[in-house]
Amino acid sequence: MPPDVKSLYLDLMKKCLTRYLWEETLKPYEVPAWGSALKRWVKKRAVDELRARRIEPFERVPFDRDARTFGRDWPADAETMIGLRRLDNIQECVTTVIRENVPGDLVETGVWRGGASIFMRAVLAAYGDTTRKVWCADSFRGLPSPNVADYPADKIAQWHTRQELAVPLDVVKKNFARYGMLDAQVEFLEGWFKDTLPNAPIDRCAVIRLDGDMYESTMDALKSLYSKLSPGGFLIIDDYGIPEDTCRRAIHDFRQAHSIREPIVDIDGWGAYWRRAPGGGG
């Protein structure tokens, strides 16, 4: 595939996976912070009741292209919420390890609807790489309740209450199939990271993308996978700059414990990454 065609294909994939191509104007309903306490309470009770019945309420809002570019909104239908800039980063990291023959597979821990992992597989397809696998690790039933006894940093975490983050495995597989990306180069690890990652049959990693939001989830992934990251490989953290997430502290604690000195590079104000140097810590 000529380079210009590769670029056009991958650009189209990014805009489809984020629904940037068409002006999606629906977003999950959030109870407004203004108004009387009684009205907010009534609205929250109604929303909680609907979500308990697995009915997601939406509201119609103007389409914000900047928000979709930087992953600042929550798409109603798109396969990914990370935005175009973090997909650009995935493309840059994966194409670099292909070009420089950095050994290892591609791993994402926390895949939601599968969009970022679908894009990883698309990059491999565009460059004719048939040797690497894309590993998709997720509980496929949402985030765990905070284990405050062992991970006190997660005491503020509330992601386990968000049912819209629980996307079943069969739905994710259908999303892969929709783009023609469900094949033998894609593997799924279903379950909590602490249970699936320690014994996962992954020999080497070239790109690891962490999207677990919480301290525990991030630390579980780092403990199991970082030692497998090849020199020249990339470690991407989706949630590094998000204030309400607790993964940032896990990243700093792990780097300190393993004397990791490679600089952390900002992607879009939220996502960040570093490249493992030859002989890097861990």
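## A salt bridge to start the tour

The side chains of Asp-77 and Arg-19 meet in a salt bridge, 3.2 Å from N to O. Here a salt bridge means a side-chain nitrogen of Lys or Arg within 4 Å of a carboxyl oxygen of Asp or Glu. This pair links distant parts of the chain, 58 residues apart: Asp-77 sits in the loop between α3 (65-69) and α4 (83-99), and Arg-19 in the loop between α1 (3-17) and β1 (26-28). Helices (H or I, at least four residues) and strands (E, at least two) are DSSP runs, numbered from the N terminus.

Before going on, a word about the model. It is a predicted model, in which local features need pLDDT of at least 70 and side-chain atom pairs count only at pLDDT 80 or more, while totals for chains, interfaces and linings use all residues. Residues are numbered from 1 along each chain as its sequence is written, and side-chain values use heavy atoms, with hydrogens and water left out.

### The protein as a whole

The secondary structure comes to nine helices and nine strands. The radius of gyration of the protein is 19 Å, close to the 19 Å that the globule rule gives for 282 residues, so the protein is as compact as a globular protein of that length. (The radius is taken over C-alpha atoms, and the rule is 2.2 Å times the number of residues to the power 0.38.) Along its principal axes the C-alpha trace spans about 60 × 45 × 30 Å.

Of the 282 residues, 55% are buried. Buried means under 20% relative accessible area, exposed over 50%, and partly exposed in between, with a 1.4 Å probe and protein chains only.

The structure holds 19 salt bridges. Three of them are set side by side here.

| Asp-77 | Arg-19 | 3.2 Å |

How exposed are the partners in the opening pair? Asp-77 is partly exposed, with a relative accessible area of 48%, whereas Arg-19 is buried at 6%.

Arg-209 lies in strand β6 (residues 205-210) and Asp-238 in the loop between β7 (229-237) and α9 (247-257), so the pair ties together parts that are 29 residues apart in sequence. Both Arg-209 and Asp-238 are buried. Salt bridges that share partners join Arg-72, Arg-86, Glu-108, Arg-209, Asp-211, Asp-238 and Asp-268 into one network.

### Two pockets

Rolling a probe the size of a water molecule over the atoms shows where empty space is left. On a 1 Å grid over the protein atoms alone, using a 1.4 Å probe, a pocket is an open set of points with protein on both sides within 12 Å along at least five of seven lines; lining residues have an atom within 4 Å of a point. Grid points are joined across faces, edges and corners, and a volume is the space filled by probe spheres set on the points.

The largest pocket holds about 740 Å³ of space. It is lined by 42 residues, and the closest to its centre are Leu-143, Leu-165, Asp-211, Asp-213 and Asp-239. Which helix gives the most to this lining? That is α8, with three residues. By class, the lining has 14 nonpolar, 11 polar and 17 charged residues. Ala, Val, Leu, Ile, Met, Phe, Trp, Tyr, Cys and Pro count as nonpolar, Asp, Glu, Lys and Arg as charged, and the others, Gly among them, as polar.

The second largest pocket has a volume of about 320 Å³. Among its 16 lining residues, the closest to the centre are Glu-56, Arg-113, Gln-163, Glu-164 and Ala-166. This lining divides into 10 nonpolar, one polar and five charged residues.

Helix α5 (115-126) is one of the elements that supply at least two residues of the lining of the largest pocket. Of its 12 residues, 11 are buried, so α5 is largely enclosed by the rest of the structure. Gly-128 follows α5, with a positive phi near 65°.

In helix α8 we find Lys-223, which counts as exposed at 55% relative accessibility. The C-alpha atoms of Lys-223 and Phe-254 are separated by 8.3 Å, although the two are 31 residues apart along the chain.
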